[in-house]
Amino acid sequence: MQLSVDPASATPPYEQLRAQIAERARTGELPTGLKLPTVRALAEELGLAAGTVARAYRELEADGVVETHGRRGTLIAAAGDSAHRLAAAAATEYAERASRLGLSHADAVAAVVTALGLAYPEA
C-alpha cells in the first residue's frame, strides 16, 4: 500500500492519510478485510508521529471505513453499507434537531444545501 504525505500541503497530514485510505477503500483498491499496517509501522514508514496516524485511523473508524479488532489489527470495513447507514443516521439526527429548533422544512433544506456546497465545492 503506497501512501504519501506532502509536508508542504495546507491539508494536515492525518487528513491526507484519511482521504487516501478512504478513497482507495471506496474504489476497492483496498478490499474489504485488508489488514492495514500498525500505527507505529505506518508512522515510521511515512516519517510521521504515531499520533498522526492514530488520528487518521480513528477518523476512518468513526466514518465506518475501517474496523479495529484488537490483536487482529485495523481492517478495511465493508464501507458501502456502513457509509449509507451512518449518513442516514446523521440525516435523521439533523432533521430532528432542525424540527426542535423550529426551522421550517424549506429553511432546514436550505441549510443542508449550503453545507453540501461547502463540503463539495466542485459540484
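**Basis.** I worked from a predicted model, in which local features need pLDDT of at least 70 and side-chain atom pairs count only at pLDDT 80 or more, while totals for chains, interfaces and linings use all residues. Residues are numbered from 1 along each chain as its sequence is written, and side-chain values use heavy atoms, without hydrogens and water.

**Entry 1, α1 and α3.** I took helices as DSSP runs (H or I, at least four residues), numbered from the N terminus. Helix α1 (residues 13-27) packs on helix α3 (residues 50-62) at about 45°, and their axes lie 8 Å apart. The axes are lines fitted to C-alpha atoms over the stretch in contact, with angles from 0 to 180 degrees between N-to-C directions. I counted Ala, Val, Leu, Ile, Met, Phe, Trp, Tyr, Cys and Pro as nonpolar, Asp, Glu, Lys and Arg as charged, and the others, Gly among them, as polar.

Helix α2 (residues 39-46) meets α3 at about 120°, with the axes 8 Å apart. This pair is therefore oblique as well. α2 contributes Val 39, Leu 42 and Ala 43, and α3 contributes Ala 50, Val 53, Ala 54 and Tyr 57.

I recorded 12 lining residues, with Ala 87, Ala 90, Leu 116, Ala 119 and Tyr 120 nearest the centre. A pocket is an open set of points on a 1 Å grid where a 1.4 Å probe fits, with protein on both sides within 12 Å along at least five of seven lines; lining residues have an atom within 4 Å of a point. α4 gives the largest share of the lining, six residues. The lining has 12 nonpolar, no polar and no charged residues.

Methods
Helix = DSSP H or I, 4+ residues; strand = E, 2+ residues; numbered from the N terminus. Parallel < 35°, antiparallel > 145°, perpendicular 65-115°, else oblique. Contact = heavy atoms within 4.5 Å.
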